[in-house]
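Here are my notes for your first look at this one. Keep the viewer open and click along as you read.

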Amino acid sequence: MNDLSKYRNIGIFAHVDAGKTTTTERILKLTGKIHKTGEVHDGAATTDFMAQEQERGITIQSAATTCFWKDHRLNIIDTPGHVDFTVEVYRSLKVLDGGVGVFCGSGGVEPQSETNWRYANESEVARVIFVNKLDRVGADFLKVVGQVEKVLGANPLVMVLPIGREDDFIGIVDLLTRKSHVWPDPGNPEKFEIGEVPEDMVDLVEEWREKLIEGAVEQDDDVMEAYLDGVEPSIDDLKRCIRKGTIALDFFPTYCGSAFKDKGIQLVLDAVVDYLPSPTEVEPQDLTDEEGEPNGKFALVDVNEPLRALAFKIMDDRFGALTFTRIYSGVLNKGDTILNSFTGKTERIGRMVEMHADDRNEIDTAQAGDIIAIVGMKNVQTGHTLCDPKHPCTLEAMIFPEPVISIAVAPKDKSSVEKMSIAIGKMVAEDPSFRVETDEDSGETILKGMGELHLDIKVDILKRTYGVELDVGAPQVAYRETITQEIDDSYTHKKQSGGSGQFGKIDYRIKPGEPGTGYVFSSSVVGGNVPKEFFPAIEKGFAGMMEEGPVAGFPVLDVEIELYDGGFHSVDSSAVAFELAARGAYRQSMSKAGPQLIEPIMKVDVFTPEDHVGDVIGDLNRRRGMIKDQDPSSIGVRIKADVPLSEMFGYIGSLRTMTSGRGQFSMEFAHYLPCPNSVSEEVVAAELERKAAKAKK
């Protein structure tokens, strides 16, 4: 069996264009996994192997690879930076033990960095920080360190200082050893010179080294006492303290360099080995009951425990369906039969492979701590638990965001109908944030996703990967409905038609719920006027009606319904009667409770050169945006705003026109807010017209 203490399962994550994929390429080169470095801007990066990734110079799906550094096995996942693909980051962080957060030396802590950092905090993943692109104009290492503290509320532990700035950036000083590392040849990362600290940096290095030691020794009382008595800790003691604090998330060792110019990556790899945890050093995964609640048991990372593994990603490629799997405990062998605890079905393991981007190495066995791909599994989806049939269990499930935008698509010819249906089935399995519905009346296929780019990529994949030519409709916003008033009401469902009839009476209260709560049902019935066995039927009756609101038929959010009294008949009452009573009650009462249309509001983050700030803010105001913050830097201004999604279609074109092509933006869903009356009337009229047209067909 492999030594688990020599394993590091890590992810590389950052805002779009901070240099994650370039950093991964340099790591693969340094570890001997590849011999020629591929560049993102040339479309030749190893982990960006989709045609869409190579053309656009962005990462769309996470890619896994394995390499070795100083006798340690590194399982690395390179994740996307664009907000439309955050689901890839979320599910990768869910199965990793550590991460490298990459920040741009000039851009600093950008919006997607915040989202990824939040996901990593939720998953309690230990991290090392790498401030990249220090050779760029406006790059400032200590300014980014300050942003990590202020914006992320994190505690960066500065481990190195840069030598030179922007074009003059030539290397770094390692604060632990007080040695400089200088790379004279940008094309040769393995050739660097270790020397003394430059004279003009001696005082600065001592100042930051003192901060480093003070932060580290807090992890060990004995070392701290000795330090306070004037005894400087040894480098081994400092490394032990830093490792302890990193795993406890008390601080994050922070490095800098330039991945593109091959400077500083070795120290980041050393930090991964020295400070990030092995699989046995992280809190074990919770096991859950059927409702998804932790049951007090854990998946201990141990090869001698029963098999417990999580399928965290499904990918369909030229060799067939791949199920990316993190094994938490036990051993998995080729030919084993495993249980999918979600479906209750067993499957036999045919082939297992170790991934290197889109290449693979066949393996016969895998163990706790490994990240592998299983070929050809039939009924497994993202988030399913794979386990020993004799020891069934369920690992904590993954929760994915709801889509906020949709488009209608139709194949251009009949021969593509079946092809499209098979392709979409595979794509939905691969991406849990991508949903598909068929409009029964019009026969249209509705694709739902996280943003314009997300759906644009999906349509592109359908066309090029699967050869399905499509007619694509205009993007549609995922409007919702809610209520504004509390009302008490009563409804009786009564039907008599020979023999036993149907009877169910409910007295209930409908009121607005807290934002983000969805539909909440509760009961305060006392005295048995409505027997408890009918409560689930009443809850189900109301829940079934929430899909269609009273204003324009959009789904209803944030409504609380309390059942407080009612009546039943000893012969004629049944679960069906009470479910029908709840449905009738919904139709009777919702229109009285002040229903209103609500729209998705996006958290928008715009970067613009300073001379275009006024134009950008004016344009966001015209789009009904609310400006939240402005953050000027040496290279431009970041503007944060909340803007309705309906106003953001085609925004990238407008922004490029306003800023002569230099502006950038990203956005992600924030919350729902009521629509202004003028917008609401327009949307309702359009929706009713659409439904009328469908009814004619």
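1. Before anything else, remember that this is a predicted model. Everything below comes from computing on its atoms, so to speak, and the numbering simply runs from 1 along the chain.

2. Start with the rings. How many aromatic pairs does a search of the whole structure find? The search turns up six. Take Y479 and F554: they make a tilted pair, with ring centres 5.8 Å apart and 50 degrees between the planes.

3. Y479 is in the loop between β28 (476-477) and β29 (480-483), and F554 is in the loop between α12 (535-545) and β33 (559-567). That puts them 75 residues apart, so the pair links distant parts of the chain.

4. Next, find F534 and F578. This aromatic pair is stacked, with 4.8 Å from centre to centre and 25 degrees between the planes. F534 lies in the loop between β32 (519-523) and α12, while F578 belongs to helix α13 (residues 575-589), so the pair ties together parts 44 residues apart in sequence. Both F534 and F578 are buried.

5. There's also a ring cluster to click on: F103, W117 and F252 are linked by ring pairs.

6. On to helix α6 (residues 202-217). Why does its length make sense? At 1.5 Å a residue, its 16 residues should span 22 Å, and the C-alpha atoms at its ends are 22 Å apart, which agrees. Within this helix the buried residues are V205, W208, R209, L212, I213, G215, A216 and V217. Here's a handy rule for reading such a list: an α-helix has 3.6 residues a turn, so residues three or four places apart point the same way.

7. What do the buried residues of α6 pack against? Their partners are α5 (141-152), β6 (156-158), β7 (160-163), β8 (171-174), α7 (221-228) and α8 (235-247). While you're at W208, notice K211, which lies over its face at 3.8 Å from the ring centre.

8. Two of those partners, β7 and β8, take you to a sheet. Four strands form an open sheet in the order β7-β8-β9-β10, with antiparallel pairing. The edges are β7 and β10 (193-195), each pairing on one side only. On average, neighbouring strands here are turned by 25 degrees against each other, direction ignored. Zoom in on β7 and β8, which pair in the antiparallel sense over four bridges; L161 stands opposite V173 in β8.

9. Two last stops. P432 sits in the loop between α10 (415-430) and β25 (435-438), and it is buried, with a relative accessible area of 14%. P432 and K313 are 119 residues apart in sequence, yet 9.2 Å apart in space, C-alpha to C-alpha. D619, in helix α14 (residues 613-622), counts as buried because its relative accessibility is 10%, and the cut-off for buried is under 20%. Leaving out residues up to four places away in sequence, D619 touches Y651 and M658.

How values were computed. Predicted model: local features only at pLDDT ≥ 70, side-chain atom pairs only at ≥ 80, totals over all residues. Heavy atoms only, no water. Phe/Tyr/Trp six-rings, centres within 6.5 Å; stacked < 30°, edge-to-face > 60°. Helix = DSSP H or I, 4+ residues; strand = E, 2+ residues; numbered from the N terminus. Buried < 20%, exposed > 50% of the residue type's maximum accessible area, 1.4 Å probe, protein only. Lys NZ or Arg CZ within 6 Å of the ring centre and 35° of its normal. Expected span 1.5 Å × (residues − 1). Contact = heavy atoms within 4.5 Å. Pairing = 2+ DSSP bridges. Axes fitted to C-alpha atoms, helices over the stretch in contact; angles between N-to-C directions.
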